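Good morning, and thank you for joining this group meeting. Please look at the structure on the screen while I describe its helices, its salt bridges and one patch on its surface.

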Amino acid sequence: MKHLQYLGILLGAIYGYCFRLICENESVNDVYDLNIYSISFIWILPIVVSIIPILFARKEILESKWKQFVFPTLSVLLFFIFTLSSGIEDWLCILIVSFPFLITAGVVGFLLAPFIKNRSTNKLYSIVLLPVILSPIESLFPNNTEQYTVESKIVIEANLQSVWDNLIEVPEIKDNEYEKGFFNHIGVPRPIKSELKTINGTEYRIGIFSDGLKLYETISQLDTLEFIEFEIHMDESKLRDLPTDKHLLNSNYFKLENISYELKEIGPNNTELTLKCEYKLNSKMNGYANFWADKIITDFESRLLQSLKVKIEKSKVKM
């Protein structure tokens with residue numbers, strides 16, 4: 001029955017997957033406030049997922065430092081596979097939660113094995129209730145709401161007018177004009193073009209992205225040839241049917257608010273173009289959330305600016 005020691009790896013992954021399903025259920029969420037934007041999910045859940053294999057293979061794991069590391073890690077990786085294959089998460093979501101989950105899995109065996117050694121296993125099974133108990137308690141404490149700005153710059157060999165003409169309605173960015181990066185390959189859409197369209201008397205700038213994502217924006221500030229700001233209307237926007245859009249763009253915890261372009265003439269035929277994105281985080285883990293938001297948005301901005309530079313300078317040569 002030696003193979004039974006591996007049962008805990010599967011049970012840990014199943015436990016994590018079931019908890020994730022519960023978090024997805026809105027009716028349960030309304031009562032118990034279980035959600036994926038909590039410390040209970042990001043830090044407490046991986047502890048439980050990682051400790052279950054130790055509880056079910058107690059003797060074998062306590063005799064092997066290697067298994068104390070591998071078994072919890074395998075349980076977490078199997079949890080990732082379950083959520084990916086079922087469509088609850090996609091690769092970008094997995095990347096964001098992977099750091100705390102894998103760090104926890106890597107150390108939980110070494111730290112908890114000595115504690116478990118002389119304790120009653122039956123009593124320790126109650127640890128599976130920990131995320132369910134702590135998440136509602138955590139919800140009693142208010143979230144922190146903070147505003148952030150990400151800024152990127154590029155110099156384009158063109159005059160102010162040439163650059164300005166490509167900002168409000170961005171011409172189609174072809175594949176050879178856009179260099180995809182790591183985040184694009186795991187779910188972040190790339191910009192394709194933007195166009196002005198009047199809907200019910202309101203003029204929108206519609207940013208069109210890959211995979212059918214469309215962001216509806218209105219001009220909130222305008223200083224011709226110098227500055228333009230767009231307010232993002234997420235309620236009117238058309239999001240993709242993907243976990244990334246559902247959990248990030250369409251959540252109460254992360255809100256894209258404004259994007260703006262600032263132009264500055266730095267030579268007779270050179271323009272410095274600055275792109276800013278303003279967003280709001282509303283959680284108990286704004287520091288960790290902003291780490292990823294900053295990385296993703298900075299990558300997006302730099303690639304968009306580079307593609308605009310290629311397009312504008314290319315059109316200038318044709319002229």
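Predicted model: local features only at pLDDT ≥ 70, side-chain atom pairs only at ≥ 80, totals over all residues.

**Salt bridges, helix packing and a surface patch**

At 27% relative accessibility, K276 counts as partly exposed, because that category lies between the limits of under 20% for buried and over 50% for exposed.

What is the partner of K276 in a salt bridge? K276 pairs with E151, and the closest N and O atoms are 3.6 Å apart.

The protein chain has 319 residues, and buried residues make up 49% of them. There are 12 helices and 7 strands in the chain. Taken along the principal axes, the C-alpha atoms fill a box of roughly 80 × 40 × 30 Å.

How many salt bridges does the structure hold? The number is 15, and I shall discuss some of the others.

One of them joins K314 and E177, with the closest N and O atoms 3.0 Å apart. This pair links distant parts of the chain: K314 is in helix α12, residues 286-318, and E177 is in the loop between α9 and α10, 137 residues apart. Are these two residues buried or exposed? K314 is partly exposed, with a relative accessible area of 30%. E177, by contrast, has a relative accessible area of 7%, so E177 is buried, because the limit for that category is under 20%.

Another salt bridge is formed by E217 and R205, whose closest N and O atoms are 2.7 Å apart. E217 lies in strand β4, residues 214-223, and R205 lies in strand β3, residues 202-209; the two are 12 residues apart. Both E217 and R205 are buried.

Salt bridges can also be joined into a network. Here R20, E24, E89 and K246 are linked in this way.

I turn next to helix α1, which spans residues 7-24, and to the way in which it packs against other helices. Helix α3 covers residues 39-56, and α1 packs with α3 at an angle of about 155°, the two axes being 7 Å apart. That angle makes α1 roughly antiparallel to α3, because angles over 145 degrees are counted in that way. The crossing of these two helices, α1 and α3, is right-handed.

What is the arrangement of α1 and α5? Helix α5 runs over residues 65-86, and the axes of α1 and α5 come within 8 Å and cross at roughly 45°. The two helices, α1 and α5, are therefore oblique to each other. This crossing of α1 and α5 is right-handed.

Finally, let us consider the surface. Which residues form the nonpolar patch? They are L7, L10, I14, F56 and Y125, and together they have about 380 Å² of accessible area. Helix α1 supplies the largest share of this patch, with 3 residues. I14 has its place in helix α1, and I14 is partly exposed, with a relative accessible area of 34%.

Thank you for your attention.

Notes: Residues numbered from 1 in each chain as written. Heavy atoms only, no water. Patch = residues over 30% accessible without salt bridge, like charges linked within 9 Å, V, L, I, M, F, W, Y side chains within 5 Å. Areas by Shrake-Rupley, 256 points an atom, 1.4 Å probe, with all protein chains shown as cover. Salt bridge = Lys/Arg side-chain N within 4 Å of Asp/Glu carboxyl O. Helix = DSSP H or I, 4+ residues; strand = E, 2+ residues; numbered from the N terminus. Buried < 20%, exposed > 50% of the residue type's maximum accessible area, 1.4 Å probe, protein only. Axes fitted to C-alpha atoms, helices over the stretch in contact; angles between N-to-C directions. Parallel < 35°, antiparallel > 145°, perpendicular 65-115°, else oblique. Left-handed = near helix turned anticlockwise from the far one by under 90°.
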